[in-house]
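This report goes through selected features of one model, from the whole chain down to single residues. The sequence and structure are shown below.

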Amino acid sequence: MEERSRLCSVWLGSETGILKGVSLDRKQAFNFSNTRALSRDQEVRALCWADPAESELLLGCADGTVRTFSTEKGVFTEARSCGDPQEGCFSGLASLRGSAIITCAECGKVRVWREDGSGPVAELDAGSNVCRMRQSPMDPNRVATGGKDNGLKIWDLERPEKPLFTAKNLRDDWLDLRRPHWVRDIGFIQDSDKVVTCTGYHQVHVFDPATPQRRPVLEAEFGEYPLTALALPAGGGAVVVGNTQGDVAVLDLRKGLVRGRLKGAAGGVRALQCHASQPLVASCGLDRFLRVHSLEDRQPLHRVYLKSRLTCLLLASRELQAGQGGGATEGAEPQVKEEEEDEVWDRMEQVEEEEEATKRKPAAGEEEVKKKKKKKGGD
Amino acid sequence: MDITEVPTEKGSKKKKKSMKAKTKVKNMEVKEESSAAENQADPTTAFPPTFSVSEIKNKQRRHLMFMKFKQEKRKQKLQLKKKRRKEREALGDKAPPKEVPKTIENQRVFDETAVDPEDEEVAFDEGTDEFSAYFNGLTNPKVLITTSDRPRGRTVRFCEQLASVIPNAHVYYRRGLALKRIIPQCVARDFTYMMVINQDRLVPNGLVLCHLPDGPTAHFKVSSVRVRKEIKRRGKEPTEHYPEVILNNFTTRLGHSIGRLFAALFPQNPQFVGRQVATFHNQRDFIFFRFHRYIFKNEKKVGIQELGPRFTLKLRSLQKGTFDSKYGEYEWVLKRHEMDACRRKFQL
C-alpha cells in the first residue's frame, strides 16, 4: 500500500465511499478502501491536503466524519466526527495551520476544529444551502462561502462576527424581476483580492472586494446548463468551468469570452482542478472517468475509467508523473526548438547578406534569379 | 517595294488558310480513324494503370466506360469466388474454416467500461443503486403512462398497447400538467415508474422513462413504431400474465444501468403459463423492443408469434434524479459528432 500511495499523483473520492489514487505515468489506479466494508454513507464529499508537504489527506464523508489518510503509509490513520449528518453533507473542507481543520456543512455552519478532538473552536453561520466553501490560497484565515439563494460571502476566521465582503444581488432584469443567487463553486484569483464564482444559472461572476462595488465586476455566461465546478489555471487570466452536461470550457477573465472547450466528458462535471505549475486540468464527474486535458492545445492527455461516480478530485502539486516524463520531454523540446530557430535565423542571415550583396550590384533580373537559385541549392 | 510586298503577304495568308483547311480536314480524318480504332478496340479495352474513368470528359462515353469497368470487376470477383469454391471442394474436409465476415459489431472498439461480473466495486455500486429495492424484492413495479399534451392518433393506441404489455400500468391523460408537479403525486401513490410518450406530427417520437422515487431518468428517441394493427401475422391479444423479460447485449456500465431500468419495469416473477416474452435487444446502441408468444411444438421446435407493439429506442441522455431537464445532473448525454464520430464505438 505504501508503494502504491506514494506513486499516486491524482486522488479522487467516489460516491461509493472509495478513495482512489491514480498514477498517470504507470497508468494505474488503486482503491484505498476496504472493498468489503463499503457503504454509501461514507461517500466522499470533500478532499483536501492536511499539510503543505502533502503527506496526509483529509476526506469529508457524507456521514459527518473527517478521515485522515496518510499518503506515506497508504492507510487511514484517524477518523473524527465533525458535525451531524442531519446538518447536511460537507460542502467544503480545508486545513488551517497544520493541525486545525475548517469544515463547512450544507446548513451553513463553518467550524474550526483543533487537533484534540473536543468541540469546535470557532463557529460562524454563513446562511442556509451552502454549496461550496473555499479557502484562500494566499491567506489561510480567509474563506469564501456561497450557495443557493445565498450570495458570496468572504469571511476572516479571526473575526467570525461579520463577513469581510458580502455580494449584492444582481440588478433586476429588464422586467424588474429579481435575479436569484446560486453560487455553485468559488475560486480565489491569485495575486489579487478578486474572487470568481460560477452559478447554477450558467453565469460566471468576478467579484472584487477591494472596490466599493458589491456587484460583480465581470459577468459572463457559458452554455445553458448549471455550472457545477470551476478551476483557475496557474497562469491566471482564465477560468475553467464545467456544467451538468459535461461541457468544459476555458473562459477568458478579461472579457468573459470562451477561449476554447475541453472535449470528452459525457456526464456532469463534479470537480475540476488545475495543476499548480503545469498547464494541465483534471476533471471528474458522473460519467466515472478521470480526464486530464492540456490547457495549451486543449487536447485530452489521459482518460481513466474508475468504476464509480466521482465526486471530488485532488491533484498533487509536485509534477504529475505523466507530467514528469512529459515535463522532461517538454523541457527538452523547447531547447530543440530554440536550436531549430537558431538554424533558421542563421540561414536567414546568410540569405539577407547575399541579398544585400545582389542589391549592391546593379544586375539584371535573370541573374538575380539565378543567384537565388544557387543559394537555395547551396542551402 | 510596298506594292510588291502586299501581294506576297496576301499570298502567304491564302496559303496559310489553305494549309489550315487542309490540316483541319486531316485532323477530322484522324479523329474518325481514331474513333473507329477505338470502336474496334472497345471489347478488349485495357486501361493504363493510372487511368481513371472520371477523367473522361464526354458524359455518355464516361458512362459507357464506367459500366464496362464495373462489369469487368464483377466478372473477376465471380471468377475468384468460383476458384475458391472449387479449391474448397477439392480439399474436402481439410478445407480451412471459413472466415468470419467483418461487421462493425465484431470490429467493435475496446470499451474499458465493459462490466466484469466478478468486479466487487461494480457489484457494490449496482447493489446499492436506486433499483436495489426492486431487485431485492422490496417493491413491486407500478407504472404510470402518460403522453404529451393532446395526444392524437397512433400515440393514444400505442400507450394503450404498452399498458397491455407492462403489468400494473395505468394510462392517464396528461391534462396539461407539468411533469415536475406530477412526480410528487406519483411518489405519494406508490408509483415506481413514470413513462411519458412524446409525439410530433401524430407520430410518437420520444420516451421519457423516470424511475421513482429518486431517479434515474432516461430520455429515448422512439422510431419505427408499429402498433398491433400494423403487424402482419400477429397473434391474438396478449393475456394479463406477467411476461418474461429478455435483455440482450447490455454490456457496458451505462448499458447495465439501462438494462436494469428496463428490467425493473416488469414484475420479478414471470407467469410462465402465459408464454409471453418481452425482448429488449440492443444492437449498435439501438434498442429493439418486441413482444412475443412462444409455443413448444415438439422437443426441438419452438414457434413464436408476435403480439406487438414493436418499436425502436435510442438513448439520448441518462439523468441522475427524477425528471429535471434544466437543473438536473446528467450521468450521460449523447453528444453527436463527438461520440458517434467512430462508427465502431458503442455506448451501450
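What does the accessible surface of chain B come to, and what percentage of it belongs to carbon and sulfur atoms? The accessible surface of chain B is about 23200 Å², and carbon and sulfur atoms account for 53% of it. Accessible areas are from the Shrake-Rupley method with a 1.4 Å probe, and for residues only the protein chains shown count as cover.

This is a predicted model, in which local features need pLDDT of at least 70 and side-chain atom pairs count only at pLDDT 80 or more, while totals for chains, interfaces and linings use all residues. Residues are numbered from 1 along each chain as its sequence is written, chains are lettered from A and ligands numbered from 1 in the order in which they are written, and side-chain values use heavy atoms, with hydrogens and water left out.

**Chain B overall**

Chain B has 348 residues, of which 36% are buried. Buried means under 20% relative accessible area, exposed means over 50%, and partly exposed lies in between (1.4 Å probe, protein chains only). Of the contacts in chain B with a separation of 6 or more, 64% are between residues 24 or more positions apart; a contact means heavy atoms within 4.5 Å. Seven helices and 11 strands make up the secondary structure of chain B. Helices (H or I, at least four residues) and strands (E, at least two) are DSSP runs, numbered from the N terminus.

**Helix 2 of chain B**

Helix 2 of chain B covers residues 59–91, and its 33 residues should span 48 Å at 1.5 Å a residue; the end C-alpha atoms are 48 Å apart, which agrees. The expected span is 1.5 Å times one less than the number of residues. Of the 33 residues of this helix, the number buried is one, so helix 2 lies largely in the open. After helix 2 comes B:Gly92, with a positive phi near 70 degrees.

**Backbone geometry in loops of chain B**

| Item | Feature | Value |
|---|---|---|
| B:Leu212 to B:Pro213 | cis peptide bond | omega about 5 degrees |
| B:Gly215 to B:Pro216 | cis peptide bond | omega near -5 degrees |
| B:Asn168 | positive phi, not a glycine | phi about 60 degrees |
| B:Arg201 | positive phi, not a glycine | phi near 50 degrees |

B:Pro213 lies in the loop between strand 4 (203–211) and strand 5 (217–226) of chain B, and B:Pro216 lies in the loop between strand 4 and strand 5 as well. B:Asn168 sits in the loop between helix 5 (154–165) and strand 2 (169–171) and is partly exposed, at 41% relative accessible area. B:Arg201 is in the loop between strand 3 (193–200) and strand 4; its relative accessibility of 75% makes it exposed.

Chain A has an open sheet of four strands in the order 12-13-14-15, with antiparallel pairing. Its edge strands are strand 12 (130–135) and strand 15 (165–166), each pairing on one side only. Two strands pair if DSSP finds at least two bridges between them. Strand 12 is joined to strand 13 (residues 142–147) by five bridges, and A:Val130 has A:Gly147 of strand 13 as its bridge partner.

The count of disulfides over all chains is zero, a disulfide being a pair of cysteine sulfur atoms within 2.5 Å. For A:Cys198, the nearest cysteine sulfur is that of A:Cys131, 9.9 Å away. A:Cys198 is buried at 0% relative accessible area, and A:Cys274 counts as buried at 9% relative accessibility.
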